[in-house]
Amino acid sequence: MTEVLLSVGAPKIRQFQNKKPIAAVAELVWNALDANATYVEVKLERTLAGAVDQIIVVDNGEGITPSQAQESFREYGDTWKSSRTHTAGRKRILHGKNGEGRLFALALGDHLTWNSVAAVDGQSLRTKISVSRNRPTVWNIDDAVETVESPGTTVTITVPQGKRHRALESTEAPDNLTARLAFYLRAYPGIKVVYDGVILDPTNIIQGIVDLHLDLPPEYISEASPIVTFVEWNTRITDRKLLVCNAEGIALAEHGEDWHDAVVSFTPYLRWRGFNEMSGEDLHMLTMSHAPLLYAAEQAIRKHVSKRRAEISSQVVEQLKEEGLYPYDMTETRPTQMVERQMFDLVVTVARTALPPRGAPRQLSVNLIQAALENDPSDLHNILDRVLTLSPEERAHLGRLIDDTQLSNIVSATNTIVERLNFIGGLRKLLADPQLRQELREVDQLHPMIARNLWLFGEEWTLARTEVGLTAVLREHLGHLGDEIALEAELDKVVREDGRSGRVDILLYRGVGDERQNERLVVELKRPTVKVGRTELDQVKSYARAIVDDPQYRGVKCKWKFVLVTYEYDDSINRDIRQRDKPPGLADDQEEYGVWVQSWGEILDAAERKLSFFRKQLDYEATDERVTRYLRESHQEFIPESLHAAPADE
């Protein structure tokens, strides 16, 4: 037996232990398909008590030769797949590139074994590879032995006692896996993938497919411009992140948070050939490197979801009217009646698949829903449970609608306020704790979070976008700020020799405006280790003046706001940022621009005070437990490793 050390450190590998179980299973299936397998089966072996104790993935692919095992299981980021676009024999599109797929399996169990048979010089050789979760850099490779077995690979994962993979055991799991493989399975109909006894077939669950028009910045417009393929399902899919895909629709990575909608079940696929050559690190940094493209995709998805929601609701309501079951007068204009009618339309639309199809039971269900909304909306829970057969997710959707609000705009506003309070509390936690502050990386953790939450610098920047022309001008004058500065759009290039993100200061920037007035925000985020003093302030001032004096902006009606953000600043600049009759932090106040110096403490305190009235009305407190859970759920990819897993007693 040979011990092979993976060419990347344990902290990097342990990041894969927090991947979603369904994503880990998908990567194992992709590895089989990349080996030209035509049959892949995922088996969940259960104990007598019904708990999953083993996950087994079997395929009939070409297997792993002894030499491939020695090479591939040592490599990371530069595997044999890196220079290829197709599988052996150019039979199919290749999915993987970086040798990460097998590492995803560390999220599933504590001991992993590959038993693989491959043909070598006319002989069938079986090779066994194994690794333990507690020593993820050490891979054991047994000496190859001859066998009469056919080529193929069996991956066996031992699930420790007490560990539950509910996402894998749920009835939605086959559909969630199908969504990830949908384009591949449609492109290669001869392939058969089986999950826990269910054959995956995307044609069984696809309601419709449409390519969405994107309002793209000029730099993305070409003969092969990016598109979002919007796949609507006829069943409830619980994993609904934006899937970043190559031009053929093969999923390479996930982006952002789940798209939740109570009415439309869908998965958006952002397809672009520009993603084909990106490494895993590049794909992880999309928020920084391709923010305009992601913004355009998200806007198109929201617009289409809103359209489909209205269409589906209209169909449900029209059907009830044709059946004579709709309980409201459409000419009624009293506000209370209109609110109740809107709520009824939403409830029956969400519950449309659970309503009885015809006759007296259908009318009774409709009447009970209407009566509950009119008299006591809180009683709707019991009525729905007694009368309708709802899935757990449908019940959860309706529960949130009934418990939280009667109007979607109130829900949206409340959620926004709570999320902002949680974000402020979470950022305070990260910056105040010495250990977390030490672990927190600026380039690929802190800065992506701030880029998503520019409301910290003013509400007008919430939906503002980067500008192509602005990028060029900022780059032209970047020398004023020194050598270790990177633009937000260029962060995918900021890496050390070992591949990790470099330590640099970042410029975030946005522009908003109309025909009357333009405004632009430039935020320089200093590393927590930098104590801002006279030198840094003078640099920003000179940079600001160079920008506003640039021929492109000279004489243009435009107000610039330059913000220098630091964890701590020196006493030497106190007089500059504490001037009489000037707001605290304003160091240079000119007609065309203002230069501000603000600490994270001041920024978060100001943001919290703006939300204090709403916090009191909601009686909401961002406790340590809440903000920690919020960081794990909403910013999982951007938080330090020690925050990923809850303590054993939590």
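User: How many salt bridges does a search of the whole structure find?

Analyst: The search finds 19 salt bridges. Keep in mind that this is a predicted model.

User: What makes Asp624 and Lys429 a salt bridge?

Analyst: Their side chains meet at 2.8 Å, N to O. The cut-off is 4 Å, so the pair counts as a salt bridge. The pair links distant parts of the chain: Asp624 is in helix α22, and Lys429 is in helix α14, 195 residues apart.

User: Why is Lys429 called buried?

Analyst: Lys429 has 19% relative accessibility. Buried means under 20%, so Lys429 counts as buried.

User: And why is Asp624 called partly exposed?

Analyst: Its relative accessible area is 48%.

User: What makes Asp588 and Arg545 a salt bridge?

Analyst: The closest N and O atoms of Asp588 and Arg545 are 2.9 Å apart. That is within 4 Å, so the name applies. Asp588 lies in strand β22 and Arg545 in helix α18, so the pair ties together parts 43 residues apart in sequence.

User: Is Asp588 buried or exposed?

Analyst: Asp588 is buried, with a relative accessible area of 6%. Arg545, at 40%, counts as partly exposed.

User: How do you know that Glu625 and Arg629 form a salt bridge?

Analyst: Their side chains meet at 3.9 Å, N to O. The limit is 4 Å, so the pair qualifies. Both lie in helix α22, 4 residues apart, about one turn of the helix.

User: Why is Glu625 called exposed?

Analyst: Glu625 has 52% relative accessibility.

User: Now the rings. Why is the pair of Trp30 and Tyr184 called edge-to-face?

Analyst: There are 15 aromatic pairs by the ring rule. In this one, the centres of Trp30 and Tyr184 are 5.1 Å apart, with 85 degrees between the planes. Centres within 6.5 Å make a pair, and planes over 60 degrees apart make it edge-to-face, so both tests are passed. Trp30 lies in helix α2 and Tyr184 in helix α6, so the pair ties together parts 154 residues apart in sequence. Both residues are buried.

User: What makes Phe183 and Tyr269 edge-to-face?

Analyst: Their ring centres are 4.7 Å apart and their planes are at 75 degrees, so the pair is edge-to-face. Phe183 lies in helix α6 and Tyr269 in strand β15.

User: How do you know that Lys561 lies over the face of Trp596?

Analyst: Lys561 is at 5.4 Å from the ring centre. The distance limit is 6 Å, so Lys561 passes that test.

Note on methods: Residues are numbered from 1 along each chain as its sequence is written. This is a predicted model: local features need pLDDT of at least 70, side-chain atom pairs count only at pLDDT 80 or more; totals for chains, interfaces and linings use all residues. Side-chain values use heavy atoms; hydrogens and water are left out. Rings of Phe, Tyr and Trp (its six-membered ring) pair if their centres lie within 6.5 Å; planes under 30 degrees apart count as stacked, over 60 as edge-to-face and the rest as tilted. Helices (H or I, at least four residues) and strands (E, at least two) are DSSP runs, numbered from the N terminus. Buried means under 20% relative accessible area, exposed over 50%, partly exposed in between (1.4 Å probe, protein chains only). A charge sits over a ring if NZ of Lys or CZ of Arg is within 6 Å of the ring centre and within 35 degrees of the ring normal.
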